[in-house]
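Subject: Structure handover

Hello,

Here is the structure we talked about. Please open it alongside this note; what I found follows below.

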Amino acid sequence: MILDQLIWPLLLVFATLGGGVYLLAVLDGLAARSFGLPQAQSVWLLPLSRGAWLLSQQANVTEAPDWWGWRLAPALYLTLAAIGLALVPWSRDWVATDITTSLVLWGSVEALATVVIFLQGWSANTHLALIGAYRYVALGLSYILISMFVLIGVTLPAESLALTQVVASQQELWNVLRQPLGLPLFLIVGLSITFRGPFNLADSTDLAGGTSVEVSGPQRLVWEFARSAMLVAFSGIATTAFLGGWLGPWLPGPLWVMLKMLAVLAILAWLGRWFARITPERCISLMWLALLPLSFIDLIWAGVEALL
Amino acid sequence: MELLALLIVLLISLGGGLLLQWWPNRRQPMATYPQRAPFLGGGWPDTHAWSRYHLRYYPMTLLLIAFEMEMMFMYPWAVVYVEQGMKAVMEMGMFLAILCVGILYGWREGVFKWQ
Amino acid sequence: MAVSWLSRLAARGPATVFPALGMQGEEAFYQLALHPEIELVDSPRHASLLLVAGGVPPELHEPLRRVHDQLPAPFTTLWYQSEPLLELQQAGVVRVDSLEALPDALVDAHRKVLRGELGVSPRLLVDEPPNPWRGLGDDGHGGEGMMGGVPYGRPMAMPPTQDLRDGLALDTLTFRLGPFFPLWPAGLEAEVILQGDIVQQFSVQSRPFPRAMSPVFFDAWEHAMSIARLERARVQYHLRALFHALHLAGLPDLAWRALRLAEACDRQTITALEKGFKDFERCLKRRGFFALHLPTCGTLNTEHAEALGGFAARAAGIEGDARRDDEGYRRLGFSAISQQAGDTQSRWRQRLAEVAQSLTLAARAQQNDAVTATTGVVETPRGVWRDERPGDASALLEKLLPGLEWGEALATIASLDVAGVSQWARP
């Protein structure tokens, strides 16, 4: 029983984390190639050789960093991603963490992600990194509201905050069809939590790398790995909340979850490369004046639909 | 059981991340001071970066606190929503309407600008 | 050994290069940006090779030493058409002077570095903190009680001053952003005072290196020149400037496409170029270059616009264009285009409109074999060249940038062309 309840789900979580990060890097390379940017190597080898190069490089240090923050931030971001992925139900019985308030835990993961990304930039005690960290917090405080309203909309038909119940409530119809505004808004949240593409305010090119400007070597590898891992965890939550999780005809539950996660990751990889980076001022205005009212509408729609 | 699983996940990922950061570099010497200087394209800074940094979005954070409290209210509200029916819809409608007025006021006052 | 297969795997990856551009180094930069196996990075910490392209004047040797020491081990340096620093010459650095051999030399150096064949990378500056701080102050941290001193080797950001945007008095950060900052013109060194991320003051310490223009413009100043060739050179200039702005905007594939179009300017037919550029412009709009990224700040007032000339003046509504007075252009039906707002977004709209106009003119000129009629006056893409070449305009930045947010400020610098025109043409 302990095997079923603990070991298999945990193994699935870590296997998906590792494999998902690699596949996301491959998907990103494929997206770049589809936009016409030539890659140095085959998309399957490129993440591996970059990872190997980062392992062989010296890890940089700044003049007077906050040592605890400097060393812990990448590993903490990775931990948050792993905890997020541990909430995902893989089948009717296999959940690594089946608590009754798993969406609240995911909300706290999102909030702590802002703290950790800020810590990465602030600990360096360097000008460009500091600007990146403070700039990201503006985005971090804005996306969390949209995420929570959209996820509350998902819990209304489920009458519970537990992700297992959310999946059970999608037996007749997936939430992506029942609450059409939900998944697009949630995808934008996904790009924000990993500061990818148009929302890359933390590690942006105009700060020569932002919070990562002074980071090199294995520490940079763990940071980039954690970013991708967070996106993998996010796609797990998106799959569970909107795409019906492990529900599906012939294949076993875990396989369905992984396939749906792969689809969400492909969409996010493509979206991340499509748009230009938004300025911070427009970002806040967009989030508060356009996306937040849309999430209100989504919530009202979900509420009306749940009562009918 | 769930907390045990979370604890295992936390320990393995934190430990794994820290090990991956420390292991390849365990025998590297400490970086020299010129290597540790902040990258400014060849320039040099006058001071440390830590300072009383002028945050530009501080008015927005006040509005955020109001919405956070609404989020706290919504967690239990969502669980009992279907049983409560129209009463729950009314309550949430009022709460959202009041906060929407807050957003409109903030927008008019320029709270969402990068001041 | 685990080490060897890991380093062999790493050696097959792209060569990560930090470009420190000196005078006339842009040509190598643009060639390398197109090469798939070379990745030009924005921070020396993300690189394993330092490429010094173009001559670095002696007063900028100290910043070069600082950037050199900021690369993490293992790394090496390559010098392209530039004299290596004296301290490094004993270490046996690689100097390459031909552009065709440069990419292979970089990839080769990257492989050697990863296989550990190059030994310990030399550090040029002394391993000392910038200020003596050990043993001073109450706990040996360099401080002097509550205020002042040099804790951990630098003073703390202290004096509160009133901010430009909302008047709050908080600490300012002062630093010099140096000549090898990859996101603005090479050679520009400025002392920046920030409060938060709004620029309070921007004073230019060292002007950007003059840029070498295509020899077509130099020839056109002296004698009649085929209008098709002239307009092609103009398109190439604007597309190369667009590369920098697109890299800043986080659109690396469009930046690469802009550079490819620029390289094809000499070779391809005008119809192919026109079609390619129209697709490209549509892509720019759809992907949010204007709507998401470009700010509507950095407006030039009339006197600045007139002093600057060129496309920036036309974007601000001043309809001056030396091509209007040229008989050759008038016969092709040339009419100057301009925008109204003189801000960053309108400058890019102006430049893209001028590229489209140049391609149409070149197509018409090719049919009639039209040539320019006047000499001694050339409308270069940078401005009008009558008696003197367009000069450096970096003093304008000191008035334009205060009050702008960091990203907006860099986008504004990328939309202007503040570097002067060099007296030597591009080879």
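Start with the contact between chains A and B: chain B puts in 50 residues and chain A 58 residues. Bear in mind that this is a predicted model. Helix 1 of chain B gives the most, with twelve residues. By class, that side of chain B has 39 nonpolar residues, eight polar and three charged.

Chain B itself splits into domain 1 (2-28) and domain 2 (58-108). The C-alpha centres of these two domains of chain B are 39 Å apart.

Now chain C. Its sheet is open, with five strands in the order 2-1-3-4-5 and parallel pairing. Strand 2 (38-40) and strand 5 (94-96) of chain C are the edges, each pairing on one side only. From one strand to the next, the twist averages 30°. Strands 4 and 5 of chain C share three bridges, in the parallel sense. There, W79(C) has R95(C) in strand 5 as its bridge partner.

Two helices of chain C are worth a look. Helix 5 (residues 102-114) lies across strands 1, 2, 3, 4 and 5 of chain C and runs at about 170° to strand 4. Helix 3 (residues 61-69) of chain C has these buried residues: P63(C), L64(C), R66(C), V67(C), H68(C) and D69(C). They pack against strand 1 (15-21), strand 3 (49-53) and strand 4 (76-80) of chain C, and also against helix 2 of chain B.

Best wishes

Technical notes: Residues are numbered from 1 along each chain as its sequence is written. Chains are lettered from A and ligands numbered from 1 in the order in which they are written. This is a predicted model: local features need pLDDT of at least 70, side-chain atom pairs count only at pLDDT 80 or more; totals for chains, interfaces and linings use all residues. Domain bounds come from an automatic or database domain assignment. Two residues are in contact if their C-beta atoms, placed from the backbone, lie within 7 Å. Helices (H or I, at least four residues) and strands (E, at least two) are DSSP runs, numbered from the N terminus. Ala, Val, Leu, Ile, Met, Phe, Trp, Tyr, Cys and Pro count as nonpolar, Asp, Glu, Lys and Arg as charged, and the others, Gly among them, as polar. A residue is buried if 20 or more other C-beta atoms lie within 10 Å of its own, exposed if 12 or fewer, and partly exposed in between; C-beta atoms are placed from the backbone. Two strands pair if DSSP finds at least two bridges between them. Axes are lines fitted to C-alpha atoms, for helices over the stretch in contact, and angles run from 0 to 180 degrees between N-to-C directions.
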